[in-house]
Each structure stands twice: as C-alpha cells, then as structure tokens.
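The exercises below ask you to read a protein model carefully, one feature at a time. Try each task with the structure in view before you turn to its solution.

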Amino acid sequence: MAAVTSPETSPQPRVYFQTPAGATEEPETPVRKQGRVTVKYDRKELRKRLNLEEWIIDQLTDLYDCEEEAIPELEIDVDELLDMPSDVERAARVKDLLVDCFKPTEDFISELLDKIRGMQKLSTPQKK
C-alpha cells in the first residue's frame, strides 16, 4: 500500500511503500555467476597457468634482454609440452624454440620443466 504525505508536512509529496502484514524483508544477496571459462576449467588450474605464463614472459625478457613487446615470435605451448612423454623431449623442444637466444637457457628450461610438472592439460572438456 502506498501513502502520500500531505503538502502541509513536506514541500514535495512522497510515496512510501509498506510491506504486507506477515512478510519480512530480507536483503537480496546477489548471486555471483561463474564465467564460462571458470565453469569449463578449474579456477585453480587457470590461476596456475596464468602465473606460469607471466613467469615465462618475465624470463624471456631477461633471456633476450628486451621489453615484452620485442621478444621474438615464439610460442611455448604448455599443453604441447605436457603431451610429450619425457622431460628430455620437453627440454629438446624448448631448446629448439630458443635457438636464437644467445644467453644460456639451461636454467630457464630446467625451471620451466619443474613448474609444469603435475600441471593438467587445459583441453576442452567433453560435453555430458
């Protein structure tokens, strides 16, 4: 029900809404929907992958002694590395990608392999 105040008590009319008898007002809590990506993939795995990619970029800027934008076009595909059966093959693949780097890459490769150990591949999950 709405009640309008009289013009004598207030310069402008105001409308007040009353709740029906027996109804209690509960504050609405917003329902947070997960984004499409976090529904398909585990949020923790995505965070690990993002941290790894940021670390790789930092390491490559040090190895190539340049800014992020000037890093040569190369793609270290973590999923591709995870598909490989051994660390030896993974190390050889990364070494091939860094062939034009003049600084020693062994420490980077070793740390990268340590970081991806135990990670999950981010393949698209099958629909149920």
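**Exercise 1.** Which residues does Leu112 touch, not counting residues up to four places away in sequence?

*Solution.* Keep in mind throughout that this is a predicted model. Begin at Leu112 and set aside its neighbours up to four places away in sequence; the residues that Leu112 then touches are Leu52, Trp55, Ile56, Ile76, Leu81 and Val94.

**Exercise 2.** Describe α2, stating how far it reaches and which of its residues are buried.

*Solution.* Start with the length: α2 has 21 residues and reaches 30 Å from its first C-alpha to its last, which is close to the 30 Å expected at 1.5 Å a residue. Then go along the helix and pick out the buried residues, which are Glu45, Arg49, Leu52, Trp55, Ile56, Leu60, Thr61 and Leu63. Just after the end of α2, Asp65 takes a positive phi of about 50°.

**Exercise 3.** What kinds of residues line the largest pocket, and which of them are the closest to its centre?

*Solution.* The largest pocket has a volume of about 320 Å³. Of the 15 residues that line this pocket, Ile56, Ile57, Leu60, Leu74 and Ile76 are the closest to its centre. Sorting the lining by kind gives 8 nonpolar residues, no polar ones and 7 charged ones. If you sort by element instead, the largest share of the lining, 5 residues, comes from α2.

**Exercise 4.** Why does Thr105 count as buried?

*Solution.* First locate Thr105, which is found in the loop between α4 and α5. The cut-off for buried is under 20% relative accessible area, and Thr105 counts as buried because its relative accessibility is 6%. Then consider its surroundings: leaving aside neighbours within four places in sequence, Thr105 is in contact with Leu63, Lys95 and Leu98.

**Exercise 5.** In what order do the elements of the chain run from the N terminus on?

*Solution.* The chain has 5 helices and 2 strands, and from the N terminus on its elements run β-β-α-α-α-α-α. Of its 128 residues, 24% count as buried.

Notes:
Residues are numbered from 1 along each chain as its sequence is written. This is a predicted model: local features need pLDDT of at least 70, side-chain atom pairs count only at pLDDT 80 or more; totals for chains, interfaces and linings use all residues. Side-chain values use heavy atoms; hydrogens and water are left out. Contact means heavy atoms within 4.5 Å. On a 1 Å grid over the protein atoms alone, a cavity is a set of points where a 1.4 Å probe fits but cannot get out, and a pocket is an open set with protein on both sides within 12 Å along at least five of seven lines; lining residues have an atom within 4 Å of a point. Grid points are joined across faces, edges and corners, and a volume is the space filled by probe spheres set on the points. Helices (H or I, at least four residues) and strands (E, at least two) are DSSP runs, numbered from the N terminus. Ala, Val, Leu, Ile, Met, Phe, Trp, Tyr, Cys and Pro count as nonpolar, Asp, Glu, Lys and Arg as charged, and the others, Gly among them, as polar. The expected span of a helix is 1.5 Å times one less than its number of residues. Buried means under 20% relative accessible area, exposed over 50%, partly exposed in between (1.4 Å probe, protein chains only).
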